[in-house]
Amino acid sequence: MTQVLICTVGGSHQPIVSAINDMHPDYVVFICTDKDPATGKAGSNLQIEGTGSCIKDKFADEKPSLPNIPAQTGLNPNQFEIKITLADDLDRIYLDCSQVIDDLTARYPAAKIAADYTGGTKSMSAGLVMAALEHPDVELKLVTGTRSDLIKVQDGSQFSDSADCQQIRYQRLSAPYRQTWSRYAYSEAVAGLEQFKPPKGMRNEYTRLRELSRAFAEWDNFNHQTAFQILQHYASESLNRYLNVARALNDIKPEKRDAARLFDLYRNAQRRAAQGRYDDAIARIYRLIEWTAQWLLQTQCNLKTGDIQAEQIPTAMNLKPNRDGKYQVGLFDAWQLVKHHTQGPAAQFIRQQEKELLNHLKIRNNSILAHGFEPISRANWQLIEQWLNEHFIPMLLEEATKAGIKQMPPQLPDVYRG
């Protein structure tokens, strides 16, 4: 396998020589500085392309006595290149190092690439580390050895070693996808996590984040059974409340299962609103109001709005059969049947809130997802949400208690907790 090494080069040649001698790379990119424009002092590139004796064996030596680093390590001219950067411009160094890594990955797709940050200024080391951490296949290395102080390792004790950075690398790579939870974009997290492999030693943490993102993505897409199956493998104190809700969403009793799914649909609508997708949110609310009437009529009266018997139709309602001879009703007429056939909180609700319901339905009807062309605004949503929280949801909770659902479920998580 082709071995490629990236090194930051500063004022000391020993760590660079040690890294090359230990790794025996097929190709090396030296990240160097050029002559300082203010002082005219030579940059670190002199250690790579200087001629004759251009490097001091020891810092205290009066004159250089060693050839350049390629000569010391036996590198041929076609085995290395120099990338000039700035000594203390972190932005520039990071971008230069990132470009080097991208270029090497394209030129040597099957190579093992290592980045040694021992040499160079502190900014050069930091820039290379940040760039390397964003590429899981790049091994981060440093030259270390015996220390008698905090200035440098003792000459002769140097050796190249892998840097311990798996936690840092994983946190950096996964951070954008953990952040997607703040806007309930679980599917985006799944797609992003599938684009990289976990660093060594981080497989369990990676798998947990990906699978929980997948569970809540399935939940958000109404695939409640799949969500429940995944969540069962990750039961914990922080997740048990969601597991309990998922269990209710898959209950074998249809009256309890549907009651749970009504509240779940409301939470789903709130998530769409939190994303600024108010037309989507209102479309879900319309379905919630319609489905609630259907659920009430089915569970309390054994009445199906898609196939109503003639004797179930109040005389005040002027219904006509469809082309198949069936009587069917939409949202508003379904609530008229609730008012006629039931005596509980729902019947009281529609008697008191019928006018308000009609007003809110007008907002929905103007939506491009219904019959109009006007986008629903945040103010429209807030108006309807307030009405739902004050009137509709309390009524639904009273009715759902009979089916075994006694409280509103929590909203899906907006923070990932590892």
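This is a predicted model: local features need pLDDT of at least 70, side-chain atom pairs count only at pLDDT 80 or more; totals for chains, interfaces and linings use all residues.
Start with the largest nonpolar core, which has 78 residues. Select Phe216, Trp219, Ile285, Trp295, Trp335 and Phe392, the residues with the most contacts inside this core. Then select residues 278-301, helix H12, which gives the most to the core, with eleven residues. A second, separate core has 23 residues, including Val4, Leu104, Ala131 and Ala132.

Next, select Tyr27 in strand S2, residues 27-33. Tyr27 counts as buried because its relative accessible area is 10%, under the 20% cut-off.

Now turn to the rings; the whole structure holds 16 aromatic pairs. Select Trp181 and Tyr186: the ring centres are 5.4 Å apart and the planes stand at 85°, so the pair is edge-to-face. Both Trp181 and Tyr186 are buried. Ring pairs also link these two with Tyr184, Phe216, Trp219, Tyr242 and Tyr416 into a cluster.

Move on to Phe349 and Phe392, an edge-to-face pair with 5.6 Å centre to centre and 80° between the planes. Phe349 is in helix H14 and Phe392 in helix H15, 43 residues apart. Phe349 is buried at 5% relative accessibility, and Phe392 is buried at 0%.

Last, select Tyr286 and Arg364: Arg364 lies over the face of the Tyr286 ring, 3.5 Å from the ring centre.

Key:
Residues are numbered from 1 along each chain as its sequence is written. Side-chain values use heavy atoms; hydrogens and water are left out. A nonpolar core is a set of buried Ala, Val, Leu, Ile, Met, Phe, Trp, Tyr and Cys residues joined through side-chain atoms within 4.5 Å. Buried means under 20% relative accessible area, exposed over 50%, partly exposed in between (1.4 Å probe, protein chains only). Helices (H or I, at least four residues) and strands (E, at least two) are DSSP runs, numbered from the N terminus. Rings of Phe, Tyr and Trp (its six-membered ring) pair if their centres lie within 6.5 Å; planes under 30 degrees apart count as stacked, over 60 as edge-to-face and the rest as tilted. A charge sits over a ring if NZ of Lys or CZ of Arg is within 6 Å of the ring centre and within 35 degrees of the ring normal.
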